[in-house]
Amino acid sequence: MEACHGRVALVTGSSRGLGRVIARKLSEAGAHLVLNYRKTGGRSEAQAQALAKELVERGSPAVAIQADISQKDAVAAMFQEIGARYGRLDILVLNAARAPFKRVGELLKRDLLELVETNFLGNVYCMQQALPLMQGRPGHVVFISSLGSRFALPNYPLGSMKAAMESLVKHWAVELKDRQITVNGVTAGLLKTDSLIVLRQYWPGVERLPASAFVELEDVASVVLFLCTDAARSIRGQQIVVDNGLSNELLRSAPAS
Ligand SMILES: NC(=O)c1ccc[n+]([C@@H]2O[C@H](COP(=O)([O-])OP(=O)(O)OC[C@H]3O[C@@H](n4cnc5c(N)ncnc54)[C@H](OP(=O)(O)O)[C@@H]3O)[C@@H](O)[C@H]2O)c1
């Protein structure tokens, strides 16, 4: 039997990047996928719709729903659609993220609002809407974090929101213990996604890092899948670091005094 057979799974921000790979992985494990993208009419929608079509053609139910998670009403509408279509949700992967690459001191008010509204409030809105649909059965929530939650990465204020969310993961894990809903996080290392193209402008030399500094998207997705299975039911409120060992070796290149 597939590990997620017949389970309904929403992956936020799954039009591209890591979310797309996680969605495919859950689908291969038998889940019915709800893909989510931010904007109507652009590349993101086309990519999400193409993935939904591909999964359906392979025999796995899937649907793509537009919703900007920073908008409370849009999130409510997305979950209403999930409720109407499936009547429940078993797996929620909080993957969507969007933030400026800037020094903290240079953040404008609009940057701060984007940071908080998408990467903190957006995830909280999703969680609040998901819980009624997860009522009465085992469920799994996985938050996608980054090493920026624990290290001051250059021009990466998103790390502060990741740290705040990692804290919420622990709170939710405790609050939902009696409801058989596990809440955990996966802290990913450097990934080769579209955001690396942008990151190059703000982190000179990032593209010259050795291949071993990066982690495969598939490897992160495999850990997310594991956390969404019954085998992981006793893991609660934890962050699992999947970074190919990068954070463990950070000081090796520091010059000895
Ligand atoms: N890239 C890395 O090196 C790295 C490292 C560690 C952790 N992570 C984390 O991994 C996750 C995925 O990163 P990624 O590199 O794959 O990102 P990405 O390539 O930039 O893709 C982000 C996805 O999130 C969606 N999204 C952004 N804002 C949204 C919103 N308000 N509502 C709904 N969807 C929204 C995007 O949709 P659109 O296409 O519509 O914009 C896109 O599908 C993020 O949580 C990120 O922080 C990334």
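How many aromatic pairs does a search of the whole structure find?

## Aromatic pairs

The search of the whole structure finds two aromatic pairs, a pair being rings of Phe, Tyr or Trp (its six-membered ring) with centres within 6.5 Å. This is a predicted model, in which local features need pLDDT of at least 70 and side-chain atom pairs count only at pLDDT 80 or more, while totals for chains, interfaces and linings use all residues. Residues are numbered from 1 along each chain as its sequence is written, and side-chain values use heavy atoms, with hydrogens and water left out.

The rings of Phe101 and Tyr156 have centres 6.4 Å apart and planes at 35 degrees, so this pair is tilted, given that planes under 30 degrees apart count as stacked, over 60 as edge-to-face and the rest as tilted. Phe101 lies in the loop between strand 4 (91-94) and helix 4, and Tyr156 in the loop between strand 5 and helix 5, so that the pair links distant parts of the chain, 55 residues apart (helices are DSSP runs of H or I with at least four residues, strands runs of E with at least two, numbered from the N terminus).

## Surroundings of the ligand

Around the ligand there are 29 residues, of which Ser15, Arg16, Ser44, Asn95 and Thr193 come nearest; a residue counts as near if one of its heavy atoms lies within 4 Å. By class, this shell divides into 10 nonpolar, 13 polar and six charged residues. Helix 1 (17-28), strand 5 (139-146) and helix 5 each supply at least two of the shell residues, and strand 5 gives the most, with three.

## The cavity

There is one cavity of 30 Å³ or more, a cavity being a set of points on a 1 Å grid over the protein atoms alone where a 1.4 Å probe fits but cannot get out. The largest cavity holds about 30 Å³ of space, a volume being the space filled by probe spheres set on the points.

Its lining, made of residues with an atom within 4 Å of a point, consists of Ala96, Asn119, Asn123, Phe143, Leu158, Met161 and Lys162. Helix 4 (109-133) and helix 5 (158-175) are the elements that give two or more residues to this lining, with helix 5 giving the most, three residues.

Technical notes:
1 Å grid on protein atoms, 1.4 Å probe; cavity = no way out; pocket = protein on both sides within 12 Å on 5 of 7 lines; lining within 4 Å. Nonpolar A, V, L, I, M, F, W, Y, C, P; charged D, E, K, R; others polar.
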